[in-house]
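Please consult the sequence and the structure while reading.

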Amino acid sequence: MEVALQPLRLKQLLHFASSKANNNPFIIRNIRPFFVIRCCSTTTSSSSAATVDGGAPRQSGRNRRPSSTSTNSTSDREAVRAIRIKKVQELRSNGLDPYAYKWDRTHTANQLQEIYRTLGNGEESNSESDYVSIAGRIVARRAFGKLAFMTLRDDSGTIQLYCEKERLLSDQFEQLKTLVDIGDILGARGSIKRTEKGELSVCVNSFSILTKSLLPLPDKYHGLTDIDKRYRQRYVDMIANPEVADVFRKRAKIISEIRKTVESAGFVEVETPVLQGAAGGAEARPFITYHNSLGQDLYLRIATELHLKRMLVFEIVVEPKLMQPTFVLDYPIEISPLAKPHRRHAGLTERFELFICGREMANAFSELTDPLDQRERLEEQVKQHNKKKAAVVSEMSKAEDENESADDSYNVTLDEDFLTALEYGMPPASGMGLGIDRLNASDELGQHTDVIAFPVLKTLQ
């Protein structure tokens, strides 16, 4: 491929400046003299390499950046992260928790847009019934002296936050300007106003940072376009491209309706084992792993038909005698690495479990949203495991039976992707795992598995 540089004549420049093609990617701006880059093929091989499917331009390299750009991007990202960590420390030094436990929300953004759709431009509804509480992620912000505007987005849509210095108490306005960044999850209270330009807004009287994000969001204009990153980091994809979350919601509704339809026809939903003793799936290549406790190979399920057919042939119905239900509260941090620390008792977490007839039926806790605290806990777990592993390896080298204590000789690593997701900001949430059916089902190999467990996650409560 040959690249030719030609001076851009004044007549051509005026034509490009005045036409709709002002965003022509072949113009290099802010460089004098002006040039146009023209690409032309010189050989058949180079031409075929530059086109795909009968002459369509190759798209694979469009989202790639030079390595120097990638290095600079990583450097900028780490610089932003360091600055935001300092803001977290500043918030804590001022007695503010940058990772809140809860927020009482009265409306969603879409509900406010619907309720006040008839509010005229320049009008404000400030009666007692019009004071609202809202929460969501800040996706845009701009400040002008004693006035600041922020765009808040929740799972229903967006709404503007109208922030005047006179409306906020003490130094909250300065905190808003200096400590709140794009990507933070914010809770705000105030009255409703439609600006002169027709933008429905919450006139903020008070606010609270619910989750301080440590990593910057993708560029607002270009969004998240890297296909590989979109699939590997779905949490970033759903922040940068809200329409992706709509696809998930529609999929969930479709599955829900299908489930209702088949249940109304008398069908029963059952769970089949994820790991199987024998490879299934006909000609499909199986995924294999080794189970240390059982001392055998297991295969990831591909087809579920065999276990479903077992249910048709051998159905077990058990009616256990229930004993007194018991709730166990406030577990130690050491055995609850994903739960928030207790607000009143140091060393404990906000967690409970329900036991009935000696079996765990539910496990619930306030979800830990502080990425720095989460990292420290997981690093400590890895450290403790490695110490135990070193001791086991030492014992194994002395023992005649090398399989003894082999369960503790495996490797444990940090889930960096999970920690990265937290650094983008997770809203206050509580989680519960419900054991709807904790009956032990035995398959032909004598293995025991919990049949059904439903996870439940509730945010902003």
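## The setting of K212

The model described here is predicted. Among the residues that K212 touches, leaving aside those up to four places away in sequence, are R84, K87, Y99, L179 and D184. The side chain of K212 also reaches the backbone oxygen of L179, at 2.5 Å.

K212 belongs to the loop between β10 (200–211) and α6 (227–232). Its relative accessibility is 0%, so K212 counts as buried. From C-alpha to C-alpha, K212 and Y99 are 6.6 Å apart in space, although 113 residues apart in sequence.

## Aromatic pairs

The structure holds 4 aromatic pairs. One of them joins Y235 and Y424 in a tilted arrangement, with 6.0 Å centre to centre and 50° between the planes. Because Y235 lies in helix α7 (residues 234–240) and Y424 in the loop between α11 (416–423) and β17 (429–442), the pair ties together parts that are 189 residues apart in sequence. Y235 counts as buried at 19% relative accessibility, and Y424 counts as buried at 3%.

F327 and F352 form an edge-to-face pair, with 5.7 Å centre to centre and 65° between the planes. This pair links strand β14 (residues 326–329), which holds F327, to strand β15 (residues 351–356), which holds F352. With a relative accessibility of 26%, F352 counts as partly exposed. Elsewhere, ring pairs link F144, F149 and Y162 into a cluster.

## Charges over rings

R189 lies over the face of W103, at 4.0 Å from the ring centre. The charged end of R234 sits over the ring of Y231, 4.7 Å from its centre.

Note on methods. Residues are numbered from 1 along each chain as its sequence is written. This is a predicted model: local features need pLDDT of at least 70, side-chain atom pairs count only at pLDDT 80 or more; totals for chains, interfaces and linings use all residues. Side-chain values use heavy atoms; hydrogens and water are left out. Helices (H or I, at least four residues) and strands (E, at least two) are DSSP runs, numbered from the N terminus. Buried means under 20% relative accessible area, exposed over 50%, partly exposed in between (1.4 Å probe, protein chains only). Contact means heavy atoms within 4.5 Å. A polar contact is a pair of N or O atoms within 3.5 Å; within protein, one must be able to donate a hydrogen and the other to accept it, and residues adjacent in sequence count only if both atoms are side-chain atoms. Rings of Phe, Tyr and Trp (its six-membered ring) pair if their centres lie within 6.5 Å; planes under 30 degrees apart count as stacked, over 60 as edge-to-face and the rest as tilted. A charge sits over a ring if NZ of Lys or CZ of Arg is within 6 Å of the ring centre and within 35 degrees of the ring normal.
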